Amino acid sequence: MTPRALMLMGPTASGKTGLALALAEHFDIEIVSVDSALVYRDMDIGTAKPTLAERARCPHHLIDIIDPTEAYSAAQFCEAANTLVEAICRRGRLPVLVGGTMMYYKALFEGLSDLPQADPALRAQLDAEAAAEGWPALHRRLASLDPDTAVRLAPNDAQRIQRALEICLLTGQTMSALTARGKAASARFESLALALVPAERAWLHGRIAERFGQMLEAGFIDEVASLRRLYPGLTPELPSMRCVGYRQAWAFLDGEDSYDDFIDKGIAATRQLAKRQLTWTRSLPVIPLNAQAPDLADSLFGAVEGWQAGHPADPALAYTGPF
């Protein structure tokens, strides 16, 4: 049988962790983190990482797997997520993918693109050759390099012929092969994809500010200072320190900002992150849920039970307001 998993996404501070732990009280689940910050060891407070006590309530995966000096790609995530979903399903449990790194979800839905960026100099060269020989001549050249792509293109489709040739010449591989490889990174499982969205943006902004204050009380600045001591190779340019909150804390520790400016910038950056996450959400094939609904947990439990029994999601579950 094809593996199946529940996806629970949404912007930062929308309540994903709490809802996922509530699911663990009603279903036999294992949580797979979909968060590019939770992969880092020793980055606990600023990432709002589930506590050890919370993680003890059900198995968690893809948390604390690399040092802050290392990098973790969407391709690595997709392979790990697919492998974990298959293994969790074999154990008879429900995999629940929880987090707010929307690029990871998009990769699972659509696969990854290994295609190189445009090369202006090479494009100018191809344009010059087309002006001298005509695009049909370049189409014939493409047919000798990438016949699978060429057969789909008209001989005068200048833009697509140019791009396909550019890819062949830059990578030594065909566009068709790279595209197929990217699709192979997509989800190897069926899913019920749900997204928490705020009915009122002010509600989410209030939660963001409140959580940032809680992080400060928990010792967030000390955590960043400790990271700088523990990892000599750590720099503000690394992906870990570009995480929201951490880059602002780094600047404060370097004396670039006052404490009040650090707080203002940290909260503002987190709000911008939430805005980007909501923009991503609108582009994905998900069922939006009102994160502020008082009966949210009960509605979710019913939806999961129905989905597991083979029933389609109740249309009334979906939030239809703006977000």
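Which residue's side chain meets that of Glu30 in a salt bridge? The points below take up this pair and then turn to the nonpolar cores.

1. Basis of the note. This is a predicted model, in which local features need pLDDT of at least 70 and side-chain atom pairs count only at pLDDT 80 or more, while totals for chains, interfaces and linings use all residues. Residues are numbered from 1 along each chain as its sequence is written, and side-chain values use heavy atoms, with hydrogens and water left out.

2. Glu30 and Arg91. The partner is Arg91, whose side chain forms a salt bridge with Glu30 at 2.9 Å, N to O (a salt bridge being a side-chain nitrogen of Lys or Arg within 4 Å of a carboxyl oxygen of Asp or Glu). Glu30 belongs to strand 2 (residues 29–33) and Arg91 to the loop between helix 3 (74–90) and strand 4 (94–99), so that this pair links distant parts of the chain, 61 residues apart (helices, H or I of at least four residues, and strands, E of at least two, are DSSP runs numbered from the N terminus). Glu30 is buried at 2% relative accessibility, whereas Arg91 is partly exposed at 45% (buried means under 20% relative accessible area, exposed over 50%, and partly exposed in between, with a 1.4 Å probe and protein chains only).

3. Glu86 and Arg188. A salt bridge also joins Glu86 to Arg188, with the closest N and O atoms 3.0 Å apart. Because Glu86 lies in helix 3 and Arg188 in the loop between helix 9 (175–183) and strand 5 (190–197), the pair ties together parts that are 102 residues apart in sequence. Glu86 is partly exposed, with a relative accessible area of 24%, and Arg188 is partly exposed as well, at 33%.

4. Lys106 and Glu110. These side chains meet in a salt bridge of 2.9 Å, N to O, and, being 4 residues apart in helix 4 (residues 102–110), they are separated by about one helical turn.

5. Nonpolar cores. The largest nonpolar core has 52 residues, of which Met7, Met9, Tyr72, Phe77, Leu97, Phe220 and Tyr246 touch the most other members (a nonpolar core is a set of buried Ala, Val, Leu, Ile, Met, Phe, Trp, Tyr and Cys residues joined through side-chain atoms within 4.5 Å). Helix 3 contributes the largest share of this core, 8 residues. Apart from this core lies another, of 25 residues, among them Leu6, Leu8, Val96 and Val98.
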